[in-house]
Amino acid sequence: MSATTLTRRPRGRLGDRLLHAYTWLIIVWLSSPIAVMILFGFNDKKSKSNTSWQGFTLRWYQELFDISDLTTALRNSLTVAVASTLITVVIGTMLGLALGRHTFRGRGVTNFLVFAAISTPELVMGASLLSLFVSANLPRDALTIIIAHVLFSLSFVTVTVRARVITLDPSLEEAARDLGASAWGTFRQVTLPAVLPGVLSGGMLAFALSIDDYVVTSFVNGSTVTFPLWIIGSVKTGIPPQVNVMGTLIFGIGVLIAVANAVAARRRRT
Amino acid sequence: MKRLTPYLLALPSWMWLAVFLVVPMAAMASVSLQTGNAIDGFAMTFSFSNYADALGRYSTQLVRSLWYGGLATVAMLVIGYPVAYWIAFKGGSRKSVYLFMLLLPFFVSFVLRTISWGFLLADDGVLFGTLKGWGLLPADFHVLATTVAVVGGLTYNFLPFMILPIYVALERVDPRVVEAAYDLYASRTAAFRRVVLPLSLPGVFAGVLMTFVPATADPVNAQVLGGTGNTMIGNIIQTEYLTNLNYPTASALSFTLMAVLLIGIFIYARALGTENVLEAAAR
């Protein structure tokens, strides 16, 4: 008996343990810059550069908003993220519903465009938008940034909502109509609650993509500066610790939301 | 009304995609054939020589970008595959915890992540500064501003996009199929090579696409971690567009980059076999 077991499961233990350790090594490697970012937000630096550890301080948390350009950049990023997420969620959900629920002419072309918008390199997307804005003599400001951010998040919201709509049983909506609900009433009370998780996760993705974007924004920003643009702009002169603190806070809030979302999803399932 | 519904639902997105995705490509094609300057304006002259000029001046950076992107992609595949494999087959009930840990870096902005790498790798930073202080490294040792730093940064930044699709493909492999291979006296290596690996190829295909294209076109890593000898095509396109206001050259370069990437994807798809491509696209 032992002979067969041995041939059927040839040496596994050691290899598995090595792979387990290796997986953790990669996780540590991926997380190490985060640790550095958080740590240097507490660095009591005296010199201009913030690369060597000089003692612990909470000073940068107290002086978080002391660099007015940086604060403006963060506020611009948040404004753009909120505005572009709202637009994307509305029009992306509509398109997701159309693609997931209806057959119509031009469906193939639409799917292709959605795919093209995801797979176009950011650099090319930014460059082509700038070509349009230059050709049309359109000034670049927060508005053009919002336009660009809606463009690159649209497909992600559409795809998430479409995936959710496909799993939805159409007989639920028919039942609502049979019971005398209007088209709008059916949508609001049956369809929307059912696809809401897809809409929400699409919206969170759109927000995250927007607040993180540097490449596309760098082409269409004009003189409006966002958080990532400000950071890149100050690489040469040295990144102030306030940037680390803001990064740490955004990281903390993001992780909290993600964990809360996962817990809520688990609770819904059980 | 009922028949109009899908069109009304799709209309706003159609307009957005048409005006801000399709028209800009046409605008870029047009600008790439114009001549002029930022002060007097540009005029359409159908100067296809713009492409020859742009390539003549920047072929080094274009080739370097493809080389760096390719190196980083191979590194990601080699580094990422075992991780995806272990989580898919041995992760058990903690799979989602491992995946969450892998995605943790995405809660920090891309730019900030790359800069933190710069911190870590700085000549007198926490890592090398300390090692130099202990006399373990020569004083002139440096990684920043080298090919290693840029390719390493690209590998670091896009690695999860390689791991996830491979994980998804491996997760779908029915354990009973592997079990059957063992029952038929396949060794562990043979079972992997002839059963698991072929079944994971669509994931590898998707992973390579999701990492090679953005890595090749990325300007951030070369700017933050590289030196003057590591400039990539993304940096050139940004400078030509935003600093030099040389729109025709920049547009021609962007189009060339896109064409090269598309041709690359096509050749790669043919080499792997159309079936795998269709399968990967369908997922």
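Helices (H or I, at least four residues) and strands (E, at least two) are taken here as DSSP runs, numbered from the N terminus.

**Entry 1: ground rules**

I am looking at a predicted model, in which local features need pLDDT of at least 70, side-chain atom pairs count only at pLDDT 80 or more, and totals for chains, interfaces and linings use all residues. Residues are numbered from 1 along each chain as its sequence is written, and chains are lettered from A and ligands numbered from 1 in the order in which they are written.

**Entry 2: records**

I looked up the UniProt annotations, whose positions are given in the numbering used here; feature names are shortened, and annotations may be inferred rather than shown by experiment. For chain B, the unreviewed entry lists "domain: ABC transmembrane type-1" at residues 62-268. I find that span to be 76% helix and 0% strand, with its end C-alpha atoms 19 Å apart. For chain A, UniProt (unreviewed entry) gives "domain: ABC transmembrane type-1" for residues 74-261. That stretch of chain A is 81% helix and 0% strand, and its end C-alpha atoms are 25 Å apart.

UniProt (unreviewed entry) also lists "transmembrane region" for several stretches of chain A, including 78-100 and 245-264. I checked both. Residues 78-100 of chain A are 100% helix and 0% strand, with end C-alpha atoms 31 Å apart. Residues 245-264 of chain A are likewise 100% helix and 0% strand, and their end C-alpha atoms are 28 Å apart.

**Entry 3: chain B as a whole**

I read twelve helices and two strands in chain B. Along the sequence the pattern is α-β-β-α-α-α-α-α-α-α-α-α-α-α. The C-alpha trace of chain B spans about 75 × 75 × 35 Å along its principal axes.

For burial I use C-beta atoms placed from the backbone: a residue is buried if 20 or more others lie within 10 Å of its own, exposed if 12 or fewer, and partly exposed in between. Of the 283 residues in chain B, 42% are buried. For contacts, the C-beta atoms of two residues, placed from the backbone, must lie within 7 Å. Among contacts in chain B with a separation of 6 or more, 70% join residues 24 or more positions apart.

**Entry 4: where the chains meet**

I find 69 residues of chain B in contact with 65 residues of chain A. Helix H1 (residues 5-31) of chain B gives the largest share of the side of chain B that touches chain A, 17 residues. By class, that side of chain B has 53 nonpolar, eleven polar and five charged residues. Here Ala, Val, Leu, Ile, Met, Phe, Trp, Tyr, Cys and Pro count as nonpolar, Asp, Glu, Lys and Arg as charged, and the others, Gly among them, as polar.

**Entry 5: helix H4 of chain B**

The twelve residues should span 16 Å, and the end C-alpha atoms are 17 Å apart, which agrees. Ten of the twelve residues of H4(B) are buried, among them Trp117(B) and Phe119(B). The cover over the buried residues of H4(B) includes helix H2 (13-40) and helix H12 (241-269) of chain A, as well as helix H6 (147-171) of chain B.

Helix H8 (residues 170-178) of chain A has nine residues and zero of them buried, so H8(A) lies largely in the open. Just after H8(A), Gly180(A) takes a positive phi of about 95°.

Leu74(A) sits in helix H4 (residues 68-101) of chain A. Leu74(A) is buried because 23 other C-beta atoms lie within 10 Å. Leaving out residues up to four places away in sequence, Leu74(A) touches Phe227(A) and Met246(A). Thr226(A) is 152 residues from Leu74(A) along the chain, yet their C-alpha atoms are separated by 6.2 Å.

**Entry 6: positive phi in chain B**

Most residues other than glycine have a negative phi. I noted Ala145(B), where phi is near 65°, in the loop between helix H5 (128-133) and H6 of chain B. Ala145(B) counts as partly exposed because it has 16 C-beta neighbours inside 10 Å. Leu245(B) has a positive phi of about 50° and lies in the loop between helix H10 (233-243) and helix H11 (247-272) of chain B. With 12 other C-beta atoms within 10 Å, Leu245(B) is exposed.

Technical notes
Expected span 1.5 Å × (residues − 1).
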